[in-house]
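Reader: I would like to go through the terms used for this structure and see what each one rests on. Please set each value against its cut-off.

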Amino acid sequence: MLEKKKCERLKVLQMNICSDEEVLQAEEFVRRHLRDPEKGLWGMVNNAGISTFGEVEFTSMAHYKEVADVNLWGTIRVTKAFLPLIRRAKGRVVNVTSMFGRIGISGQSAYCISNYGMEAFSDCLRYEQQRWGVSVSIIEPGNCIAATDILTRDRIENIAHRLWNETDEVVQEDYGKGYIDRQTMAMKSFCTSSSKDMSSVINAITDALTSKYPYTRYEPMDAYWWIRLHMMTYLPTPVADWLYGN
């Protein structure tokens with residue numbers, strides 16, 4: 001789709017962010033196509049991500065690692081590769097995380113862990129790069145599953161099947177198959193109720209890249225999730241758990 005724009009300044013490159021070799025090749029590709037590599041690269045947006053669901057007892061270590069490999073380690077790998085170019089330009093790093101990088105939720109531990117890690121990485125990077133004049137911003141979208149297709153009904157079914165088959169027999173016996181079926185239906189409902197409008201996220205990314213004074217954190221999300229995020233962040237934990245605990 002982007003290639004059809006036929007813009008001479010637009011270059012499209014496919015990259016597996018879990019591969020050291022492909023990330024290095026991408027960095028070399030970008031460097032070759034910069035007008036002046038010595039002046040560096042102005043902006044980088046880390047937006048690649050995958051999602052999943054499943055309670056802790058149903059989520060295998062392999063499943064945890066798969067999500068973290070993309071969402072967390074992939075972001076770190078790409079950032080480290082391009083940071084010298086960004087630093088030379090005194091440019092911008094924009095990391096797209098999630099509201100679940102600041103609040104936990106039942107059945108989303110693998111996804112939350114990876115996004116919490118991205119938040120911590122972004123904060124540390126911001127502190128380190130301030131003296132170089134590099135800005136680091138975090139975009140924390142709400143529920144945009146329907147707009148991004150990060151999870152589809154078919155993928156939810158496949159994940160549920162995998163969760164059940166990879167779970168120990170004792171866990172299967174204690175919970176019962178009906179439990180995982182109900183969790184699957186709840187996840188499908190969560191997807192159905194999501195926003196289909198990505199304009200607020202796109203506007204946040206644009207502002208983070210172009211504003212003279214970009215925000216540290218952008219929170220493009222529906223009012224319900226914005227209120228829940230701040231209630232869970234600032235209320236005493238027992239009160240927040242009473243309001244929103246699952």
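Author: A residue is called buried if its relative accessible area is under 20%, and exposed if that area is over 50%. The model is a predicted one, and every value below is computed from it.

Reader: Why is Ser-211 called buried?

Author: Its relative accessible area is 18%, and the limit for buried is under 20%, so Ser-211 counts as buried. Ser-211 belongs to the loop between helix H8 (199-210) and strand S4 (217-218).

Reader: What is Ser-211 in contact with, leaving aside its neighbours within four places in sequence?

Author: Arg-92 and Thr-206. Contact here requires heavy atoms within 4.5 Å.

Reader: Why is Phe-58 called buried?

Author: The relative accessible area of Phe-58 is 2%. The value must be under 20%, so Phe-58 is buried.

Reader: What makes the pair of Phe-58 and Trp-164 stacked?

Author: Two rings pair if their centres lie within 6.5 Å, and the pair is stacked if the planes are under 30 degrees apart. For Phe-58 and Trp-164 the centres are 6.4 Å apart and the planes are at 25 degrees. Both conditions hold, so the pair is stacked. The structure holds 10 aromatic pairs.

Reader: Why is this pair said to tie together parts of the chain?

Author: Phe-58 is in the loop between strand S1 (43-46) and helix H2 (61-89), while Trp-164 is in helix H5 (residues 153-165). These parts are 106 residues apart in sequence, so the pair ties them together. Trp-164 is buried as well, at 16% relative accessibility.

Reader: Why is the pair of Phe-58 and Tyr-179 stacked?

Author: The ring centres of Phe-58 and Tyr-179 are 6.4 Å apart and the planes are at 10 degrees. The angle limit is under 30 degrees, so this pair is stacked. Tyr-179 is in helix H7 (residues 177-192), 121 residues from Phe-58, and the pair links distant parts of the chain.

Reader: Which residues form one aromatic cluster?

Author: Phe-100, Tyr-111, Phe-190, Tyr-224 and Trp-225.

Reader: How do you know that the charged end of Lys-177 sits over the ring of Trp-164?

Author: The charged end of Lys-177 is 5.9 Å from the ring centre of Trp-164. The distance limit is within 6 Å, and the charge must also lie within 35 degrees of the ring normal. The charged end of Lys-177 is listed as sitting over the ring. The charged end of Arg-87 likewise sits over the ring of Trp-132, at 5.0 Å from its centre.

Reader: How do you know that the span of helix H9 agrees with what it should be?

Author: Helix H9 (residues 223-234) has 12 residues. The expected span is 1.5 Å times one less than the number of residues, so H9 should span 16 Å. The end C-alpha atoms of H9 are 16 Å apart, which agrees.

Reader: Which residues of H9 are buried, and what covers them?

Author: Trp-225, Arg-228, Leu-229 and His-230 are buried. H7 and helix H10 (237-244) are included in what covers them.

Reader: Why is Val-23 called buried?

Author: Val-23, in helix H1, has 2% relative accessibility. The limit is under 20%, so Val-23 is buried. Among the residues that Val-23 touches are Met-15, Arg-77 and Ala-81. Val-23 and Ala-81 are 58 residues apart in sequence, and their C-alpha atoms are 7.2 Å apart.

Reader: Why is Asp-20 called exposed?

Author: Asp-20, also found in helix H1, has a relative accessible area of 56%. Exposed requires over 50%, so Asp-20 is exposed. The C-alpha atoms of Asp-20 and Ala-160 are 31 Å apart.

Reader: Why is Lys-90 called exposed?

Author: Lys-90 has 53% relative accessibility, against a limit of over 50%, so Lys-90 counts as exposed. Lys-90 lies in the loop between H2 and strand S2 (92-96). Its phi is near 50 degrees, a positive value in a residue other than glycine.

Reader: Which residues lie closest to the centre of the largest pocket?

Author: Leu-10, Lys-11, Val-30, Leu-41 and Gly-43, out of 33 lining residues. The largest pocket holds about 1600 Å³ of space. Helix H1 (20-33), S1 and H2 each supply at least two residues of its lining.

Note on methods:
Residues are numbered from 1 along each chain as its sequence is written. This is a predicted model: local features need pLDDT of at least 70, side-chain atom pairs count only at pLDDT 80 or more; totals for chains, interfaces and linings use all residues. Side-chain values use heavy atoms; hydrogens and water are left out. Rings of Phe, Tyr and Trp (its six-membered ring) pair if their centres lie within 6.5 Å; planes under 30 degrees apart count as stacked, over 60 as edge-to-face and the rest as tilted. Helices (H or I, at least four residues) and strands (E, at least two) are DSSP runs, numbered from the N terminus. Buried means under 20% relative accessible area, exposed over 50%, partly exposed in between (1.4 Å probe, protein chains only). On a 1 Å grid over the protein atoms alone, a cavity is a set of points where a 1.4 Å probe fits but cannot get out, and a pocket is an open set with protein on both sides within 12 Å along at least five of seven lines; lining residues have an atom within 4 Å of a point. Grid points are joined across faces, edges and corners, and a volume is the space filled by probe spheres set on the points.
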